[in-house]
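Dear colleague,

I am passing this structure on to you. Please look through it alongside the notes that follow.

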Amino acid sequence: MIIIGEKINGAIPSVAKAIKERDADWIRDLAKRQSDAGADFIDVCASVVEGDVEVLHWLIDLVQEVSDAKICIDSPNPDSIVEAIPFCRKPGIINSVSLEGRKIDTVFPAIADTKWECIALLCDSNRIPEGADERIDIFERTMVKVKEYGIDPSRIHIDPLVFSIGTNPESFNSFAEVTRYVKNAYPSIHVTSGLSNISFGLPARKILNQAFLIMAMQAGMDCAIIDPTNRDMIGSIFATEALLDIDEYCLEYIGAYNDDRFGTKKQ
């Protein structure tokens, strides 16, 4: 499982406060804890109205001071993403593009001849798709763009979008159907998701998020935007990979246990 650490996001009040006060030590600590917990990428999202690129630059520099994890540049503004790419010491991942507006046609030319990866949301300028069929149609149109720019599918992370089961009871079933379709059509492509939308508006959200993670992995999801310091979540990932025979002879599971990544070993 590819893990994208989600915690450096200006939409989180504590992070917004650290950004406003330019609390570099706080950001460095947050980055290091995610890196030490095993994050493959660390998401960096400014979530500010003005000075987006400047804040991204500041955050990226701080993360790279304490971590070798790759950077996930996160912004709704495709121009900010492209401007932030040179701040990274090595290719990472873009979060995100879609068929909405000019996002793909701004980001894809900038990464076409590089090793950068990219998350692609299955939505367009018309509306947020509700069912699996609409998302599959958007996926096929997205892949036309991927081929047009000569990007290998293995560099693409498809986000089928997930909505709260409190308002859309078919949300997970649609997500799973799209995931299976995507992985069958392009075996080397990745499928990713943030987990928290599935439980929005419902109590005990962590329980639903963890169940979603396990079931989504069974459907083929191989990348998740999560809190890598959440040991219950990390334990679920290793356990599910072992059960799905992704982890041969449970070697990764045993190694994670020995490294106390589950927090279950006796002190």
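Is aspartate 124 buried or exposed, going by its relative accessibility? The model is a predicted one, and in it aspartate 124 counts as buried, at 11% relative accessibility.

Aspartate 124 pairs with arginine 141 in a salt bridge whose closest N and O atoms are 2.8 Å apart. Because arginine 141 lies in helix H6 and aspartate 124 in strand S5, the pair ties together parts that are 17 residues apart in sequence. Arginine 141 is partly exposed, with a relative accessible area of 35%.

The structure has 15 salt bridges. Another one joins arginine 33 to aspartate 29, at 3.0 Å between the closest N and O atoms; both residues lie in helix H2, 4 residues apart, about one turn of the helix. Arginine 33 is partly exposed at 38%, as is aspartate 29 at 39%. Glutamate 134 and arginine 127 also meet in a salt bridge, 3.1 Å from N to O.

Helix H7 (residues 171-185) reaches 21 Å from its first C-alpha to its last. Its buried residues, including Phe172, Phe175 and Val178, pack against S5, H6, S6, S7 and H8.

Regards

Methods
Residues are numbered from 1 along each chain as its sequence is written. This is a predicted model: local features need pLDDT of at least 70, side-chain atom pairs count only at pLDDT 80 or more; totals for chains, interfaces and linings use all residues. Side-chain values use heavy atoms; hydrogens and water are left out. Helices (H or I, at least four residues) and strands (E, at least two) are DSSP runs, numbered from the N terminus. The expected span of a helix is 1.5 Å times one less than its number of residues. Buried means under 20% relative accessible area, exposed over 50%, partly exposed in between (1.4 Å probe, protein chains only). Contact means heavy atoms within 4.5 Å. A salt bridge is a side-chain nitrogen of Lys or Arg within 4 Å of a carboxyl oxygen of Asp or Glu.
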